Amino acid sequence: MDDVARKLFSGPIAFLKSAPGLQFLPDPAVEEIAFAGRSNVGKSSLLNKLTNRRDLARTSNTPGRTQELNFFDVGEPLRFRLVDMPGYGFAKAPKDVARKWRYLVNDYLRGRQVLKRALVLVDSRHGLKEIDHEVMKMLDDAAVSYHIVLTKADKIKTSELRDVEQRTADEGKKHPAAHPEIITTSSETGLGIDRLRRAVVEAIG
Ligand code: GTP
Ligand code: MG
């Protein structure tokens, strides 16, 4: 399985398109895996790390970098798509912009037939926030299964990391569509990346 995953992610992967609204989504030709999470949590960085490409998805220190749904084709022939999403809960975004992103993200997550699995990214320094629970509840209701992925694990001490993993696993149990295993990652050190690749390949089947 590791080999299958590594081969897939080191093969052809290409940016397909950016969708600023639901009317711009690509044809639902293959299954999709979406990266969701609060602004600045590290969605675009993790997508780059997962695919071994440094600048496939645009990253930034400033929250609100990713403003549209960005689709990436994986495999040749096409196997599935990765979707980098705008972050939610970005307090400094103008209200109408924040609302637009929220509708875009929510409508996509709730209504996309080919969405096979979501990855809900959570900053390991902060743990699950109210807004994460809201999004997870929405995914539960839409029966979209998801993995909770802790990010930026390089930023905190191992003991704190174990605490947040435990807490996140406990809170995750309240969500029927959440996978019981918490995947801890760092786009900086590569921690958990192979595990995450396997989770994606397992989801695609
Ligand atoms: P939005 O698109 O604005 O919602 O942000 P995002 O979730 O896509 O975050 P992005 O990948 O742009 O990363 C935000 C910042 O965190 C950047 O400065 C990254 O370099 C940094 N970052 C992301 N992942 C990691 C990580 O694993 N470790 C460390 N130390 N920094 C990280
Ligand atoms: Mg981004």
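Predicted model: local features only at pLDDT ≥ 70, side-chain atom pairs only at ≥ 80, totals over all residues.
Reader: Are S44 and T66 buried or exposed?

Author: Buried means under 20% relative accessible area. S44 and T66 both fall in that class. Both are buried.

Reader: Which residues lie closest to the centre of the largest pocket?

Author: This pocket holds about 510 Å³ of space. Its lining is made of 27 residues. The closest to the centre are N40, G42, S45, S60 and K152.

Reader: Which element gives the most to the lining of the largest pocket?

Author: The lining divides into four nonpolar, 15 polar and eight charged residues. The top contributor gives three residues. That element is α2.

Reader: Where is N40 found, and is N40 buried or partly exposed?

Author: N40 sits in the loop between β2 and α2. Its phi is near 75°, a positive value in a residue other than glycine. Its relative accessible area is 29%, so N40 counts as partly exposed.

Reader: What is the relative accessible area of K152?

Author: K152 is in the loop between β6 and α5. Its phi is positive, about 55°, although K152 is not a glycine. K152 counts as buried because the cut-off is under 20% and its relative accessible area is 19%.

Reader: Which residues have the most contacts inside the largest nonpolar core?

Author: In soluble globular proteins, nonpolar side chains tend to be buried together. Here the largest nonpolar core has 34 residues. Elements giving two or more residues to this core include β2 (32-37), α3 (95-111) and α5 (158-172). The residues with the most contacts inside the core are L69, M85, Y108, L109, L139 and Y146.

Reader: Which residues does L69 touch, leaving out those up to four places away in sequence?

Author: L69 is among the residues with the most contacts inside the largest core. With sequence neighbours up to four places away left out, its partners are K17, S18, A19, L25, V83, D84, M85, P86, L104 and Y108.

Reader: How many residues are in the second, separate core?

Author: I13, I33, V149 and V201 are included in this core. I33 is found in strand β2. The second core has 26 residues.

Reader: What distance separates the C-alpha atoms of I33 and A118?

Author: I33 is at 1% relative accessibility, so I33 counts as buried. Its contacts beyond four places in sequence include F80, R81, L115 and R117. I33 and A118 are 85 residues apart along the chain. Their C-alpha atoms are separated by 5.6 Å.

Reader: Is R81 buried or exposed?

Author: R81 is placed in strand β4, residues 80-84. Among the residues R81 touches are L16, P26, E32, I33 and F71. Its relative accessible area is 7%, so R81 is buried.

Reader: What distance separates the C-alpha atoms of W101 and N48?

Author: W101 lies in helix α3. At 6% relative accessibility, W101 is buried. Its contacts beyond four places in sequence are G64, Q67, P86, G87, F90 and A93. W101 and N48 are 53 residues apart along the chain, with C-alpha atoms separated by 22 Å.

Reader: What distance separates the C-alpha atoms of D194 and D2?

Author: D194 is found in helix α6, residues 193-204. D194 is partly exposed, at 31% relative accessibility. Along the chain, D194 and D2 are 192 residues apart. Their C-alpha atoms are separated by 7.3 Å.

Notes. Residues numbered from 1 in each chain as written. Chains lettered and ligands numbered in written order. Heavy atoms only, no water. Buried < 20%, exposed > 50% of the residue type's maximum accessible area, 1.4 Å probe, protein only. 1 Å grid on protein atoms, 1.4 Å probe; cavity = no way out; pocket = protein on both sides within 12 Å on 5 of 7 lines; lining within 4 Å. Points joined across faces, edges and corners; volume = space filled by probe spheres on them. Helix = DSSP H or I, 4+ residues; strand = E, 2+ residues; numbered from the N terminus. Nonpolar A, V, L, I, M, F, W, Y, C, P; charged D, E, K, R; others polar. Core = buried A, V, L, I, M, F, W, Y, C linked by side-chain atoms within 4.5 Å. Contact = heavy atoms within 4.5 Å.
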